[in-house]
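Open the model in a viewer and keep the sequence panel at hand. The stops below say what to select next and what is there.

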Amino acid sequence: MTSPPAALEPGARPGAVAWLLLTPLLAWLALFVVVPALLLFGCSLGERDEFGQVLWGFSLENYARLLDPVYLRIFLRSLGFAALTTALCLLIGYPVAYQIARAAPRVRELLLLLVMVPFWTSFLVRTYAWMAILREEGLLNALVAWLHPAWAPLGLLYTPAAVVTGLVYSYLPFLILPVYASVEKLDGALIEAAHDLGAGPWRVFPSVILPLTLPGIAAGVTLVFVPTVAMFAVTDLLGGARVPLIGNVIQNQFLQARDWPFGAALGVALLGLFLISQLLLRALRPHGVIRG
Amino acid sequence: MKFKTPTLPGRLAALLLLLLPVAARGAGELNLFGWSEYIPQPVLEGFTRETGIKVNFETYSSNEEMLAKLVAGGGRYDLVQPSDFTAEAMIRRKLLQPLDRARLTGLGNLAPEFTGRAHDPEGRYTVPYMSGSVGIVVNTEKVKTPVRGYRDVFQAVHRDRIVVVNDSRELVSWALYALGLPVNTIDAASLARVRPLLAEWIKLVKVFDSDSPKTALLNGDVDLGVVWSGEAALLWRENRKFQYLLPAEGAHQFVDVLAIPAGARNVTEAHRFIDYILRPEVSRQISAAFPYTNPNLAARRLLTPDELANPASYPNAGKLESFRDIGRSAADIDRLVTDLKSAK
Amino acid sequence: MSARIELQGVGKRYGAVTAVRDVHLTIAAGEFLTLLGPSGCGKTTLLRMIAGFETPTAGRILLGGDDITGVPPHRRPVNQVFQGYALFPHLSVRGNVAFGLRMRGVAPAELGRRVDEALALVALEALGERFPHELSGGQRQRVAVARAVVCQPKVLLLDEPFSALDAKLRQSMRADLQALQRRLGMTFVLVTHDQDEALALSDRIAVVNAGALEQVGPPREIYHRPATAFVADFVGHANLLPAERTGEKVGRVAVRLAGGLELEVPAERWPSGRRDTRAVVRPEQVVLRPWRGEERAAGRARVTAVEFRGDREHLQVALHDGSGLRLTAVHPGGEGDTADFTVGAEVTIEISADNLWFLPGTEARGPR
């Protein structure tokens, strides 16, 4: 008996084929994630020369500088802003996502479209629109003045509240979409089962719906939290650049102070922070939810 | 009728035809790297119309950003637009190449006070583009108390009614002026003296904005500020209630220049562009769009009396001073300002 | 503990579509009742109305005499075993079983005891810490049952509880479920489309068709004395042969069936006052003999298809009488016999008169 040619043997070397198919992805990751991260790390060990160019070397001085209370405080404040933004996005976005996922298919498509419509215009244009709304002689104050003149003008623009508003507005869709996906996957029979077993409408949510949509929440929270920590444009435009967040400081190191090594060290620290938070999220993810 | 597959020479010819425009463009091209909101689009179009040279225009919003990209990008740019003190550092670093002055027929149009300045005493590397100052703008409808200098701006009564440019060196220089310290020799001792004063000032500021500080003033979100004179000139043009003045303690005068980077490929085109800018009628066009102080005397003669009367464009004499390159101190200044802003 | 359910003229409409119409049904306390019907017949809607997931648009539902028509599901003393089980994937087996007790605020000590009992009831004591995805299909079904009965409902509803299981497992799970029902004495309402399941498990079967009840009765009655052609055909296979009354003797009726077969049946089986109707001839009542050249035309037929099923053979025969009628017959599949009944073989059929049933209904037309 002759053995069939190896190429026709199904699944003879699935590993090789899989690797071949993965090559573009791996190349992309290597080229645009791993290499830049290594460059960043290498740069963070260097030094700034008099003219602001990078002198490659090996020094931990930039990391020592990170421990300066100024930067620690900025880190903490950035995390606080991001946490607040994320919490508000969750509070507003979850019910929206839930309702969209439970709506009739035609309505659902329309609502999803509406969630994504803002992406059709530039992020900066939308932020400027918020400036027009929040400024002293803006739309919101005109409305307030009309409703109750004594309250006007509310000094909203160039405040932390304006920054958080802008951030929540910008990142809300990034929370809605993954939560929507996980609610949509949720088997309606599970909710009925919970009702059947005596859970009223208010108890079904924490006991069944919340734990089962946790993967969507985790994805959404990550998608909102990570970019907001490092965001600088919104802070500049809506916050009047008064209170620097870590994104502003990093941007400054690259464009104003021209201290790339220190900027790189800040970036590496931020990267480390995200890695830790991802590991924590993974560890906290309850057993059994991974496979529905 | 049937289509035949083209022969190999046919295909090569087609390929060459496709490449031709690219090659042609390469010959008549200028890669210009300039400030945002500084070079009017009609000026670029007029240049291309006249010379056939295509202008690839990229913008930046700080000298440091320009330097970062120039150093990283090698020979990508043919013409840059640094401020005088940055040009000085670039000359020292051999990042600029000498100009062929013979090719710049309009040099004679420049006012003498704008040539031979400290950053380039012989004018070998740079040609002034526009000049300006950093001064105080006041909404006189809202602010009734007299404002003469920095200390009058940064008063507790103006808390949250102030806009300033978001530029660490500018901020520090104002405090240095207020304290009577030199702005071009900055060391740990002078920064230590600046610190408490600047800390107080920063607490009073509502908006830090380098790109468009006029916006907050126009929208009524603030009433006074320390801003680029060009911004103040636009405000005055909009409404005469916005008055500009040079701070009594001293003020920064900047001259932004045109210069050719050492690695530039299209040197001829860069020279033609500089010479085009030096023409009175072109320079006049720039003044109309961005009313800074025009160093081109011939162009100034073409301005309307109204334009010449703009106090922000052509301020009454004050104590004006150029910035010089301060090297490593830039990072110390940034650190100080970051620190003070965070302390709020 | 268990209670009687009364459906009084219950109906459900979705817009213009009527899913359930005018159902009157009383399920006794402790009874095992099956709602049997094809998919889309309304049996699931009926179950969901008892559970409280749907509100009837007409009629009332009483539980132990109390009107529960408008009571939401979480306040009804009724629990359900869902199709596909709907086990909570984020909870362990114990967590699933304890869920209902937790929602009712049962104290921890009692809760633990009752969960243990429920798990023991379905022989899953050892798997309490597993998660649903770590269980086999049969184990999941047992968890679903334990999760429902631990709440001590007055009625347990089961929605196609065996459909996710393979044939062999189904048999043993059926027996377990029946034993459980006997032990708990709980009212069970099962929904299924599988007649075998219904016949094997139920005290009574309610056959549902097109949103209405066709017939309600014990399995034997449903099988042997179907009230309608639908029931006859849906519950087990039936050959519906046109039948005509040709004469009458004391206590007997002479009948001629399609195909020319003449026979006598007990008078009580013939619907009184009818001249003709249809006979329900179960395949096992059709007896085939090889044709040996007899002259008699009655019962002559030809085998048109043979389907071997291991313990028996299903045969299709076509009658020679010109009516074109086809019958299904079942023949025990002994090895020696098969040669006689190959496709094309000429046969004579006989029908045993003893258990022949005649449809009482007024439907004049046959199924074909």
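Predicted model: local features only at pLDDT ≥ 70, side-chain atom pairs only at ≥ 80, totals over all residues.

Select Leu167(A), Tyr171(A), Phe174(A), Leu175(A), Pro178(A), Val179(A) and Ser182(A), which lie in α7(A). On the α10(A) side they meet Gly216(A), Ile217(A), Ala219(A), Gly220(A), Val221(A), Leu223(A), Val224(A), Pro227(A) and Thr228(A). Sorted by class, this contact has twelve nonpolar residues, four polar ones and no charged ones.

Now show the two helices whole: α7 of chain A covers residues 160–185, and α10 of chain A covers residues 214–230. Their axes come within 7 Å and cross at roughly 160 degrees. Angles over 145 degrees count as roughly antiparallel, so α7(A) is roughly antiparallel to α10(A). The crossing of α7(A) and α10(A) is right-handed.

Stay in chain A and select Ile191(A), in helix α8 (residues 188–196). Is Ile191(A) buried or exposed? Ile191(A) has a relative accessible area of 13%, and it counts as buried because the cut-off is under 20%. Which residues is Ile191(A) in contact with, leaving aside its neighbours within four places in sequence? They are Tyr98(A), Arg102(A), Leu186(A), Val204(A) and Ile209(A). For one of these, Val204(A), draw a distance between C-alpha atoms: Val204(A) and Ile191(A) are 13 residues apart along the chain, and the separation is 6.8 Å.

Next, look at how the chains meet. Two pairs of chains touch, and the pair with the most contacts is A and B. Chain B and chain C do not touch, and their nearest C-alpha atoms are 44 Å apart.

Select the contact between chains A and B. How many residues does each chain bring to this contact? Chain A gives 32 residues and chain B gives 37 residues. The size of an interface is often given as the accessible area lost when the parts come together. Between them, chain A and chain B bury about 3,100 Å², with 49% of it on carbon and sulfur atoms. On the chain A side, pick out Phe51(A), Arg242(A) and Gln256(A), which lose the most area to chain B. Together these three account for 22% of what that side buries.

Chain B has 344 residues, of which 58% count as buried. Coloured by secondary structure, chain B has 14 helices and ten strands. Its C-alpha atoms fill a box of roughly 85 × 50 × 45 Å, taken along the principal axes. Among the contacts in chain B with a separation of 6 or more, 75% are between residues 24 or more positions apart.

The last two stops concern backbone angles. Most residues other than glycine have a negative phi.

In chain B, select Asp160(B), in the loop between α5 (150–153) and β5 (162–164). Phi of Asp160(B) is near 65 degrees, a positive value in a residue other than glycine. Asp160(B) is partly exposed, at a relative accessible area of 28%.

Finish in chain C with Ala86(C), in the loop between β6 (78–81) and α2 (93–103). Ala86(C) also has a positive phi, near 50 degrees, and is a residue other than glycine. Is Ala86(C) buried or exposed? Its relative accessibility is 5%, so Ala86(C) counts as buried.

Conventions
Residues numbered from 1 in each chain as written. Chains lettered and ligands numbered in written order. Heavy atoms only, no water. Axes fitted to C-alpha atoms, helices over the stretch in contact; angles between N-to-C directions. Helix = DSSP H or I, 4+ residues; strand = E, 2+ residues; numbered from the N terminus. Parallel < 35°, antiparallel > 145°, perpendicular 65-115°, else oblique. Left-handed = near helix turned anticlockwise from the far one by under 90°. Contact = heavy atoms within 4.5 Å. Nonpolar A, V, L, I, M, F, W, Y, C, P; charged D, E, K, R; others polar. Buried < 20%, exposed > 50% of the residue type's maximum accessible area, 1.4 Å probe, protein only. Buried area = accessible area lost by both parts, 1.4 Å probe.
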